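Please keep the model open as you read. These are short notes, one topic at a time.

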Amino acid sequence: MGLFKKRPARQATAAPTVAESLQKLVETSGQPSLFAHSEFVKQVDCPRCGARKRLPSKTAYLYCDYCGSLIDYDFRLANSGTNAGLTNTVFHQLIAPVQADLDRARAVGDTGRYRELLRGVYTEWLRECPQAASPRVKSDEDFRDRMAAYCAESQLRKDFDPSLAVLEQQMNAVIATLQRRPNGTGPWLVSDGIWQVAAMFKELIDKSYQMLGAAGVLAMDPDEAPPGVPVRMEYSTFCQGWIPHLPPGDTGRFLAIFGLNSEYARVDGTGAETKSCGGCGDELKTMPGANTVVCESCGRKLDIAGGETPCQNCGAPLSFPVGTSAIECPYCHTGTHRI
């Protein structure tokens, strides 16, 4: 596929976003790449088709190699390099200017205004930090809008639930009592009270998602995440913040509380074939017998079972996105269609 080179798109000059400014800082300081790709893969089976995950992932979102379903969330990849720090920092910088308005809306019970503000923050966050969410947010505007609405509604329901508010207040009270010990030139270390905080946070999240499921909010998830995956995402975010402040020997125990210390196996891509995404032109590996896969470069779902169609102009073999019969070739930009 090296013969076919995707032509770069023209880009208009614009002021850098929060994420772009932080990314430049990361690059110039010589830190690791923002995107993780490993020779190891999390051992997990697809809850829909039963296939074992075999190919590595570029993002923390793990999609089935055979049917394209979202099957799990990989804490290890979510925290590789600078992923967690960048995306969390961007979110905090985006929400800070509207925090006072959020507080006022929450105080008077104005759910409409609260939802509107949160949706704006999440929409921009997903645009600037697609690596923090499903790769599908890169190419599918409708999917991105639905994801922002789902994230906003989830946070709103949790923030306005009285019983959850009591649990959160109790947890925050314990956090306020934690002692912070100096650690030379490294991050400060937290006292043993963190174990109580971890247990309280787990209770808070478990009850939150029971409530969200009963209220029908989880059904809004455009990625149709299997049960348990959104909860593991919450656990991961919590661990991202606290693990740097734990003694190295306590990390395993901390992850075990949330079931995040999973087993990994070396990638076995025996028989894998190289395909070209008909949406963005990037190459991807697919397993024999695959029906649908997600291109992790642009997020489109590709119809692998339907075979490849050569571009009518340059001849590049292309895997068409699901549900499409006509596309613009990503290499020569000529309209092409399935014969």
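1. In strand β8, the bridge partner of glutamate 273 is threonine 286. Strands here are DSSP runs (E, at least two residues), helices are runs of H or I of at least four, and both are numbered from the N terminus. Strand β7 (residues 273-276) pairs with β8 in the antiparallel sense, over 4 bridges. Pairing takes at least two DSSP bridges between two strands.

2. A word on the source. This is a predicted model: local features need pLDDT of at least 70, side-chain atom pairs count only at pLDDT 80 or more, and totals for chains, interfaces and linings use all residues. Residues are numbered from 1 along each chain as its sequence is written, and side-chain values use heavy atoms, leaving out hydrogens and water.

3. β7 and β8 form a hairpin, with 6 residues between them. Glycine 281, in the turn, has a positive phi of about 90°.

4. Look along β8 (residues 283-286): the side chains alternate. Leu284 and Thr286 point to one face and are buried. Buried means under 20% relative accessible area, exposed over 50%, and partly exposed in between (1.4 Å probe, protein chains only).

5. Which residues of α5 are buried? They include Tyr114, Leu117, Leu118, Val121 and Trp125. Seen down the axis of α5, the buried residues fall within an arc of 160°, so they line one face of the helix. The arc is taken from the directions from helix axis to C-beta atoms.

6. Glutamate 224 has a positive phi of about 50°, yet is not a glycine. Glutamate 224 sits in the loop between α8 (194-214) and α9 (229-242).
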